[in-house]
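Dear colleague,

Please find the structure below, together with its sequence. My notes on the charged residues and on the chain as a whole follow it.

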Amino acid sequence: MKPLCLTIQAFGPYADCQTIDFGDLQGRSFFLIHGPTGSGKTTVLDAICFALYGDCSGALRDSKAMRSDYAEAGVMTTIEFVFALGDDTYQIVRTPEQMRPKKRGDGLTAMVAEAELYQLDGKERKLLVSGWSKVTEKVEVLLGFKSNQFRQVVLLPQGEFRRLLTANSAERQEIMQALFKTDFYRQIEETLKSQAQTIKKEYEELVREENWVLREAGAEAAEELVLRLKRQQAASEKTGQELKGAARAVQLAQKSLAEGTLQQEKLLEKMRSEEKLRALSEKAPLVEEKRSELARAKEAAGILDIENMLKQLGEECCQAAEIMDKEEGALLHAKAAHNKAQQLLELELKKEPEREKAAAEVLCLQEIEGKLAGLTTASQALAQQKRSFEQAEVQYNTALKKLEKVQAELRSKSEKSQGLVESAIRSEGLKSQFSELSQQIIKLQEYKDATAKWQIAQGKLKEAKEAADSLNERYLAAKTAFAVLQEAWLGGQAAVMAAQLQSGAPCPVCGSTLHPKLAAKTGILPDEVKVKAQQKNVEVLEKEREASLSALGKLQTSQDTLFNRAEDLKTQLGETADISIDTLQKAAAEARAEYQKALQAQKEAEMIKQDIEKLTAEEQKLTKQKEEAALQVQTLTGKYQAAAAVVEERKSLVPAEFHQPAVLTKARQRAKDQLEKLKTALEAAKNQVEQADRQKIKSQAALQNARQNSDKLHSQRSLMQKTFDERLCEAGFSDLPDYQSAKKSPAYVEKLAERIAVFEQDYIAVKERSRLAFEAAKDLVAPDLAALRQTAAEAQKKYEDILANDTRLKAAIAQIEGWQDKLGKLAEKRGKVEGEYSVIGRLSEVANGGNEYKLTFQRFVLGALLEDVAHAANQRLLIMSRGRYELQRTMDRARKNAAGGLDLEVFDSHTGVARSIGTLSGGEMFLASLSLALGLADVVQSYAGGIKLDTILVDEGFGTLDPETLDIALKALLDLQKGGRLVGIISHVPELKERIDARLEVWLTDKGSRAEFKVG
């Protein structure tokens, strides 16, 4: 990511629109952000981080509180950021949640947070995504890491600069995962773990199934089932032999029982057939009598039809006589009815004048009814107009009352709103005051802590200086004593050698044979052992002095760092530095309480404002309704008066007694009923005469037909009686009683013939059966069936007992074989699963940290990458620390159950010992952090598919460096330009302003901050 243009509006100290065009650097890739404290240097980095992720660069900076206090109410807080990513260019526009003036009316309204991400292609702009969180998610995808990771490898803010260096193993893993895209290795871990768990579950399930089969079999092991199967098979073989013998015994017993049963059945059949034949022979005389009865019944049946016809004709003759008597009476009644109807018609014809009078009255009342209908219509119209008029009056009064009520409520709300708005206007100022007090409390606490630590460090430094001075004095004294001893010892050695020289003998030192001046012994000669002891003492004191001086240097650096930090905080706090924290906290609490009240007032004011808008709209609506209702009342008054005049006019046309429609309707109905009654009576009389004539003629014809039919039936009956008497004689019956006694019903005759035929068939069959049974039972003796049944039952029971035992043994054998088969298949499966788990399980264990260092596959890969990062960082750290420090990866873990492999330590070449990162001084920590960030960027870009880190922004930290170290650090940063990387730093160090010719100068005005690039 490389910034191209940043536009800030109403953000932090920047009140107006401020555009920072990085093209103004004129190709330079190393620049300084410079300006006084509080001018807005860090705000530039805040704006970049805010545009990308919606939050600020520092942990103590709240993005929601970054609205400029200098900005006017109508100027919206907005950040626009254009940046390059490879060959693509993007633009982000973010507008945070804030209050803005209403477009209509007074007051403020809440503006929701908005964000948009565009891709720029020349002059075209394509919207990729919109929405606060959606833009952040898209940026995380494009850049490859989240906000906190961005602040550890690209934008290094105050207080968080060293986080990448001091991060624990888990935090460093998260950062490197995002940068190097090592999720693939984690997927391998999870895949192996999932496969191993699946195989393990399958193995455990197979073991459970084997145990279940053994529990079901009641065996401890499969070998026990083998022994049990052999025992059961031997027992089954023995039982099979016994079963064959029992089956033969059952077969013989059943055969004997069947033969005895057959003999017994033949003897019984002989006895039953003889009894049946004897019974049928005794019924033969009765059957002969029934044959004679059947013959007479058949003769009587031959003349039954003639008897039935004669009987029917007799009944018809009686019916014809009754009909003739009935028709004679009907004719007499018809003649009387005709005479009566004729008299009634003559009476109704005499009422013609009454009918004419009734018709005239009906006609007159119809005319009055038409006039009354007009009067009714006019009255209804008058009533309708009256109702409309009354409704209009009610609507007018209702609208008037509502309007008065709304106007009163509107006045009350307006008065209340005015006070709340005044309180709400103070909310932004109170919010800023509370935020500023909170920041001052934090800084004051930091200042107090830094001052206390500086005082402690000052005391330790004083003690260390005193100890160093004392040690130095001891060292100098020992060194002087050693020099004296060494000189005395060397001088003494010359005297010893001179004493041993002989005249004319060569000198062992110079080889001369002349010895003009021999060295003389002066004082006591020091012992060589004593000289060496003193020399060793000097060496020990020298090492102690160097260690003391090194510790003193560290304490001096620490004390200077704390002093600088305290002074920096004191400068930032100004007069506030002398105020107590309790006083500030109390003031902050009061400001917060006032701010909460103002917020509440703002919410209430907004709600009341909405109520006032609604009430104003309601007032306008009701005013319009009142005016419309008044106009309606006026219009309906005229219509009502006109309708009343029409009613009075039509009343004069209708008689007074008929003004009521009900009275007229009743009179008209009464006249109409009278007319209808007279007409109906006349028509009824005419109809009765006509009906009487038709009935008389009809009765005369019916009587004549009845007489003719009666004569015909009597003649037919006489002929049929003569025929019946002749048939009786022919059938052999002496008289009618003799015929009646022989006559039987057809069903009885049929049944009797059937029974006689059945008897004859039965007699023949029984006679033949008796003959056959006699021949079959000849020479047979009755058997002892009870004994035969008992023998067969005993044999059958013995067979069934043996069969049950044999079935049980075979079932047990089959069950054992089934268990063995299941166990064999399960053992085969378990063997295969064990083979798979021995490979997959071990791979999963290793890949998921099942080792001494809890090192997963992904962490192993990241560890190798971390070593590359440390190597790249050390190329700069060795230079910056003058060859003293190197970063190295350590496998040590803070806790035994914690994962390792991504922790760092520093190797000190002066001591030859590796130690914790936390033991570095402030300046050393800055150099190590800067080296690690630069090394990480180099390694990330060297791997194919990695993230391109072509920008690094550093906020402070250079003030902890001495001039020589500062020069080395700047050279390391300047080297980054060779790779085209953009480097920006924020610092108060005056030397940097002189040495860096590309600067973003930031300065304060009475209307907010301004920023401008200055090059050269």
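**Charged patches and salt bridges**

On the surface, Asp 87, Asp 88, Asp 121 and Glu 124 come together in a patch of negative charge. A patch is built from residues with over 30% relative accessible area and no salt bridge, like charges being joined within 9 Å. Lys and Arg count as positive and Asp and Glu as negative, while His and the chain ends are not counted. The place of a charge is taken as NZ of Lys, CZ of Arg, CG of Asp or CD of Glu.

Please note that this is a predicted model, in which local features need pLDDT of at least 70 and side-chain atom pairs count only at pLDDT 80 or more, whereas totals for chains, interfaces and linings use all residues. Residues are numbered from 1 along each chain as its sequence is written, and side-chain values use heavy atoms, with hydrogens and water left out.

Helices (H or I, at least four residues) and strands (E, at least two) are DSSP runs, numbered from the N terminus. Glu 124 is exposed, at a relative accessible area of 59%. Here buried means under 20% relative accessible area, exposed over 50%, and partly exposed in between (1.4 Å probe, protein chains only).

A patch of positive charge is also found on the surface, formed by Lys 276, Lys 283, Lys 751 and Arg 755. Of these residues, Lys 283 sits in the loop between helix H7 (222–282) and helix H8 (284–302).

The structure contains 19 salt bridges, a salt bridge being a side-chain nitrogen of Lys or Arg within 4 Å of a carboxyl oxygen of Asp or Glu. Among them are the following:

- Arg 186 pairs with Glu 190, with the closest N and O atoms 2.8 Å apart. The two residues are four positions apart in helix H6 (residues 183–217), and so are separated by about one helical turn. Arg 186 is partly exposed at 27% relative accessibility, and Glu 190 is partly exposed at 43%.
- Arg 842 pairs with Glu 845, with the closest N and O atoms 3.2 Å apart. Both lie in helix H17 (residues 785–847), three residues apart, and so are separated by about one helical turn. Arg 842 is partly exposed, with a relative accessible area of 45%, as is Glu 845, with 41%.
- Arg 999 and Glu 1001 meet through their side chains at 2.8 Å, N to O. Arg 999 is buried, with a relative accessible area of 13%, and Glu 1001 is buried, with 10%.

Salt bridges also link Glu 210, Arg 830 and Glu 834 in a network. Glu 210 has its C-alpha atom 8.0 Å from that of Ala 827, although the two residues are 617 residues apart along the chain. Ala 827 is part of helix H17 and is partly exposed, with a relative accessible area of 33%.

**The chain as a whole**

The chain has 21 helices and 17 strands. Of its 1016 residues, 36% are buried. Among contacts (heavy atoms within 4.5 Å) with a separation of 6 or more, 76% are between residues 24 or more positions apart. The chain exposes about 60,200 Å², of which carbon and sulfur atoms supply 53%. Accessible areas come from the Shrake-Rupley method with a 1.4 Å probe, and for residues only the protein chains shown count as cover.

With kind regards

Definitions and conventions. Patches are made of residues with over 30% relative accessible area and no salt bridge: like charges are joined within 9 Å, nonpolar side chains (Val, Leu, Ile, Met, Phe, Trp, Tyr) within 5 Å.
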